Amino acid sequence: MLADSPLLWSSCSALAAPTRPGPGGTRAMLGPAGPASQPRGSEGKSRALAGETAGDPRSSCGRLSIASPPASATHPTPAPAAQGARESGDQGGEGATRTPRMDARTWRLSWRCLLLLALLGSTRSEGVESCEEVRKLFQWRLGGAVKGLPYTPRAGPDLQVCVSKNPTCCTRKMEERYQIAARQDLQQVLQTYSSTLKLLISRNAAAFQETLETLIRQAENYTSILFCNTYRNMALEAAASIQEFFTDVGLYLFGADVNPEEFVNRFFDSLFPLVYNHLINPGVTDSSLPYSECIRTARQDVSPFGNIPKRVMGQMARSLLPSRTFLQALNLGIEVINTTDHMHFSKECSRALLRMQYCPHCQSLMLSKPCVGYCLNVVRGCLAHMAELHPHWHAYIRSLEELSAAMHGTYDVEHVLLNFHVLVNDAVLQAHLNGQKLLDQVNKICGHPVRTATQSPRCTFDPSKEKLGMKIYSRTGEETLANRRKEFINSLRLHRSFYGGLADQLCVTELAAAEGRPCWNGENVVQSYAQRVVGNGMKAQSGNPEVRVRGADPVINQIVDKLKHVIQLLQGRSPKPSARELLQPGSGDGMLEQSSGDCDDEDGCGGSGSGEVKRTLKITNCCL
């Protein structure tokens, strides 16, 4: 943590080296006030607290003053210690206390040291004689002008939140600026704390989409090379249908409103005229579009491909829909975090944050941090609506886990896409084997074609591309989409209670004082917080002594509704065991053989293994 950084503390101490002339001598430009400059305490507490921290090496950065030497003092000489320790506190000589021009390194170190005053420590000095440090910190932290800010503590009758019996270094305008800063501080801490979770989901969502795009291109390549290798006469004519089919697959996976059943039927409808002209009735073609359209529409009546189109529909529906829902759920997770990162805090919350974070500054307690119990009450009150997300976020991650675990075999989009060309090959072979029957049926429905001999364009391809496209496809287990999902879910599972323990994490790790240390309770520096500490969530806030929580938050309600909806989708898309598909494998002399450990018997593959897809090519002469 920042408080334990020896580099920062040594940097603050190093800044004490430059000196400037003081009354009768010099003093540190950025150095701790000496004993003679400590404020005269009106209460015994401040003396005791000062004694507790006297041995702390961090006290060298406790009280800072920044000034520049006068133009004439080019060779300042050291002053006696007593003189260097005195704080004259004269506000009349503003010309002698102008902010110096520091180099970039000194400026950065000064800024960090001053920022540390606002965030860390637990010392207090009452009865301060000067507001110089408060003014400087206000300027550094908020970038505001110091004009009009008090030089010495005074009564603050116009203050609404940082009210104190002691004189104050704050004005009403400072209080307003501090309130804005307190909201921004909490929002910044929220965003920092959630950044790991958001990065986990967003990176994996992008990686999954990229992997799916690669799988789609690979599956399209397999199908195109199948035609180039085996059905060369129809390869170029089939190219457009193949491209359209896989374009539709991608559109559906990434959320477009397309129907898998329609694009599967469209693909096989466009394939049948090619199979008819080149395999069933080869060498004879008809150039009329009406005849080709007749063959297309006759496909569903004559069923040239048997039940293979239905099998493809079933596999696409079972594999594409869960993957589509999985991606949509990840995008919703990112939306939930983005929304809570930019929550609007209520007026009551803003006032409580101001009292906790910046009201100590008004009493020159720049090093004070809130007590743990006090911080919990304030932050739990501010995040009460957000805590209502906890059960829904927990169910959301559990549903993602269940869906991911069920996406295997014919429910695994990787398996289905990379085996699509096998089913296409089986469909073409089945139509070819039943060629005479189909010829009679088509002639009966569409009539006899005009017999015109033509030379169909052949597929031209690079032999190296053939080897690349149809090589044995095997990858290590770590590279599979299923294993990537598993790793992601294992990491995401650690964040199931993210919204349930958010306030606790922010206070313990970022905002509150360490246990057992003097701390700020909203009014004074004490040894411990005496009020009752409430729990998380809306119901627990009725007894919150620090923040009044009212009503429901419509933004949170909207997020809850979206989470409920996506949970229903995730649970509804978790694949359930289905009946065996209608067409059993076995096309006899099929050209492609495959084996897969994630493959069901009904999908035309047998055996078991590591889940790798292996393919070998057998070229026959019947279809060239």
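**Figure 1. Leu511, a buried residue in helix α21**. Leu511 has 9% relative accessibility, so this residue counts as buried (buried is under 20% relative accessible area, exposed over 50% and partly exposed in between, with a 1.4 Å probe and protein chains only). Its helix, α21, covers residues 502–511; helices (H or I, at least four residues) and strands (E, at least two) are DSSP runs numbered from the N terminus. Setting aside residues up to four places away in sequence, Leu511 touches Leu186, Val189, Gln357, Lys369, Pro370, Cys375, Val379 and Leu506, where a contact means heavy atoms within 4.5 Å. Asp185 sits 326 residues from Leu511 in sequence, yet their C-alpha atoms are 10.0 Å apart in space.

A quick note before the other views: this is a predicted model, in which local features need pLDDT of at least 70 and side-chain atom pairs count only at pLDDT 80 or more, while totals for chains, interfaces and linings use all residues. Residues are numbered from 1 along each chain as its sequence is written, and side-chain values use heavy atoms, with hydrogens and water left out.

**Figure 2. The largest nonpolar core and Tyr396**. This core has 140 residues, and Trp393 and Tyr396 have the most contacts inside it. A nonpolar core here is a set of buried Ala, Val, Leu, Ile, Met, Phe, Trp, Tyr and Cys residues joined through side-chain atoms within 4.5 Å. Helix α6 (residues 172–230) supplies the largest share of this core, 20 residues. As for Tyr396, its partners beyond four places in sequence are Ala329, Leu330, Gly333, Leu563, Val566, Ile567 and Leu570.

**Figure 3. Helix α15 alongside helix α22**. The axes of α15 (residues 390–406) and α22 (residues 554–572) come within 9 Å and cross at roughly 20°. Axes are lines fitted to C-alpha atoms, for helices over the stretch in contact, and angles run from 0 to 180 degrees between N-to-C directions. The two helices are therefore roughly parallel to each other (angles under 35 degrees count as roughly parallel, over 145 as roughly antiparallel, 65 to 115 as roughly perpendicular and the rest as oblique). On the α15 side, the contact is made by His392, Trp393, Ala395, Tyr396, Ser399, Leu400 and Leu403, and on the α22 side by Val560, Leu563, Lys564, Val566, Ile567, Leu570 and Gln571. By class, the residues of this contact are 10 nonpolar, three polar and one charged; Ala, Val, Leu, Ile, Met, Phe, Trp, Tyr, Cys and Pro count as nonpolar, Asp, Glu, Lys and Arg as charged, and the others, Gly among them, as polar.

**Figure 4. Helix α9 meeting helix α18**. Here the axes of α9 (residues 289–302) and α18 (residues 435–446) come within 10 Å and cross at roughly 120°, and the pair is therefore oblique. Tyr291, Cys294, Ile295, Ala298 and Val302 of α9 meet Leu438, Gln441, Val442, Asn443, Ile445 and Cys446 of α18. That contact has nine nonpolar residues, two polar ones and no charged ones.

**Figure 5. Two buried threonines, Thr171 and Thr211**. Thr171 lies in the loop between α5 (132–142) and α6, and its relative accessibility is 10%, so Thr171 counts as buried. Leaving out residues up to four places away in sequence, Thr171 touches Gly148, Pro150, Arg154 and Leu159. Thr211 is in helix α6 and is buried too, with a relative accessible area of 10%. Beyond four places in sequence, Thr211 is in contact with Leu481 and Arg484.
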